[in-house]
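Here is a short tour of one chain, written to be read with the structure open beside you. Please take a moment to turn the model around before reading on.

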Amino acid sequence: IQWGQHVLERMLARRVSRDAVIHVLGHGELVEDYPKDQPFPSCLLMAAPDERLLHVVAAFDPHTMTVFVVTVYEPDLDHFEEDMQTRRRG
């Protein structure tokens, strides 16, 4: 797992632990798939470690078997429907 500066700053600001992100990576439900992302395909995963719902965006390099954690956040009703999986339009 590779942790970029951006995600580490977001995790610190949002008080999200590495263990919580790893839980989402290992047990999360696929919300959106971005197979054409460059340089590697990425996806949005969702899970609730410690009863706190999180979204994690991660990319995967199949050649090196490396996961790149892009960002993490708590989804909200301003951006998602009540299922926290469907993006609001508009």
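Val-57 is found in strand 4. Keep in mind that the model you are looking at is predicted. With a relative accessible area of 15%, Val-57 counts as buried, because the cut-off for buried is under 20%.

Which residues does Val-57 touch, leaving aside those up to four places away in sequence? They are Cys-43, Leu-44, Phe-68, Val-69, Val-70 and Thr-71. One of these, Leu-44, is also linked to Val-57 as its bridge partner. Trp-3 makes a handy reference point too: 54 residues separate Trp-3 from Val-57 in sequence, and their C-alpha atoms are 12 Å apart in space.

## The sheet and its helices

Strands 3 and 4 run antiparallel and are joined by 6 bridges. In general, the strands of a sheet pair through backbone hydrogen bonds, either parallel or antiparallel.

## Ala-48 in the loop

Where does Ala-48 sit? Look in the loop between strand 3 (42–47) and strand 4 (54–61). Ala-48 is partly exposed, with a relative accessible area of 43%, because that value falls between the 20% limit for buried and the 50% limit for exposed. Glu-29 is 19 residues from Ala-48 in sequence, and the two are 10.0 Å apart in space, C-alpha to C-alpha.

## The chain as a whole

The chain has 2 helices and 5 strands, and from the N terminus its elements follow the pattern β-α-α-β-β-β-β. Its radius of gyration is 13 Å, close to the 12 Å that the globule rule gives for 90 residues, so the chain is as compact as a globular protein of that length. Along the principal axes, the C-alpha atoms fill a box of roughly 35 × 30 × 20 Å.

Of the 90 residues, 34% count as buried. Among contacts with a separation of 6 or more, 35% are between residues 24 or more positions apart. The accessible surface comes to about 6,000 Å², with 51% of it belonging to carbon and sulfur atoms.

Conventions:
Residues numbered from 1 in each chain as written. Predicted model: local features only at pLDDT ≥ 70, side-chain atom pairs only at ≥ 80, totals over all residues. Heavy atoms only, no water. Helix = DSSP H or I, 4+ residues; strand = E, 2+ residues; numbered from the N terminus. Buried < 20%, exposed > 50% of the residue type's maximum accessible area, 1.4 Å probe, protein only. Pairing = 2+ DSSP bridges. Contact = heavy atoms within 4.5 Å. Rg over C-alpha atoms; globule rule 2.2 N^0.38 Å. Areas by Shrake-Rupley, 256 points an atom, 1.4 Å probe, with all protein chains shown as cover.
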